[in-house]
Amino acid sequence: MNATECIKGRRSIRTFTSEPVSHELLDEIVEVARFAPSWKNTQISRYIAVEGAKKAELAEKCFEAWKGNADMVAAAPMVIALTYVKNRSGFERDGSYSTSKEDRWQNFDTGIAAEAFCLAAYERGLGTVILGIFDEFKAAEVLGVPEDRGVAAFIVIGHPANSPEAPKRKEVSELVTYLS
Ligand SMILES: Cc1cc2nc3c(=O)[nH]c(=O)nc-3n(C[C@H](O)[C@H](O)[C@H](O)COP(=O)(O)O)c2cc1C
């Protein structure tokens, strides 16, 4: 599989078989995802792999805004809490913001890491879906995430039970503007 096939072939997978995700395979995926670029190579992304009773608790308490996500987390073999170390990406050493985007580079870095993670998982035959609709404060509480970390997103992961078609993409002409 080349990079184009990997990027174009990855889909958001929302139904999974009951086969567990081996911890060796998950380590392998993170071993790849850690090569994602980050602000000044700060590497703020951290992965909490959640299974069993803790996953059930997450599903029950953290996805009230959309039951579809709660059901997905409950049914999947594993969910990853993609967390980050606060106050590094986008910050100077003295704690001031480096740019007018202030701390939003944290989300940029974890977004890149999330895509790298999902592509590495896809290359290994696993399905993923990124979840943005959740209560980040309840999630931090349930997971025991310390004050100096934040929860950026969840990534549901498992062995795919289906292979959906790609949702329609915009044409290149709509996406690119050339200026000279
Ligand atoms: C930042 C972000 C948040 C998302 N949040 C959710 C979500 O809460 N629930 C969900 O089912 N899918 C979620 N998705 C998946 C998108 O719906 C999906 O990527 C999009 O429809 C394109 O489909 P594809 O991933 O198969 O190409 C999210 C994706 C991203 C990048």
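Author: Gladly! The chain holds 7 helices and 4 strands; these are DSSP runs numbered from the N terminus, where a helix is H or I over at least four residues and a strand is E over at least two. Starting at the N terminus, the elements follow the order α-α-β-α-α-β-α-β-α-β-α. The chain has a radius of gyration of 17 Å, close to the 16 Å of the globule rule for 180 residues, so the chain is as compact as a globular protein of that length. That radius is taken over C-alpha atoms, and the rule is 2.2 Å times the number of residues to the power 0.38.

Two notes on reading what follows. This is a predicted model, in which local features need pLDDT of at least 70 and side-chain atom pairs count only at pLDDT 80 or more, while totals for chains, interfaces and linings use all residues. Residues are numbered from 1 along each chain as its sequence is written.

Now to the part you asked about. The 4 strands make an open sheet in the order β1-β2-β4-β3, with antiparallel pairing; two strands pair if DSSP finds at least two bridges between them. At the edges are β1 (45-50) and β3 (127-131), each of which pairs on one side only. From one strand to the next, the twist averages 25 degrees. Angles run from 0 to 180 degrees between N-to-C directions, and axes are lines fitted to C-alpha atoms, for helices over the stretch in contact.

Let us stay with β4 (residues 149-158), which pairs with β3 in the antiparallel sense over 5 bridges. Across that pairing, Val-129 stands opposite Val-156 in β4. Helix α6 (residues 136-143) packs on the sheet and touches β1, β2 (78-85) and β4, its direction making about 80 degrees with that of β4. Touching here is contact, meaning that two C-beta atoms, placed from the backbone, lie within 7 Å.

β2 and β4 also run antiparallel, joined by 8 bridges. Ala-81 has Phe-154 in β4 as its bridge partner. How enclosed is β4 by the rest of the structure? It is largely enclosed, because 9 of its 10 residues are buried. A residue is buried if 20 or more other C-beta atoms, placed from the backbone, lie within 10 Å of its own, exposed if 12 or fewer, and partly exposed in between. Over the 180 residues of the chain, 32% count as buried.

Lys-40 lies in the loop between α2 (23-33) and β1, and its phi is near 45 degrees, a positive value in a residue other than glycine. Lys-40 is partly exposed, with 13 other C-beta atoms within 10 Å. Although Lys-40 and Gly-90 are 50 residues apart in sequence, their C-alpha atoms are 8.7 Å apart in space. Asn-87 sits in the loop between β2 and α5 (105-123), and it too is a residue other than glycine with a positive phi, near 65 degrees. Asn-87 counts as partly exposed, with 14 C-beta neighbours inside 10 Å.
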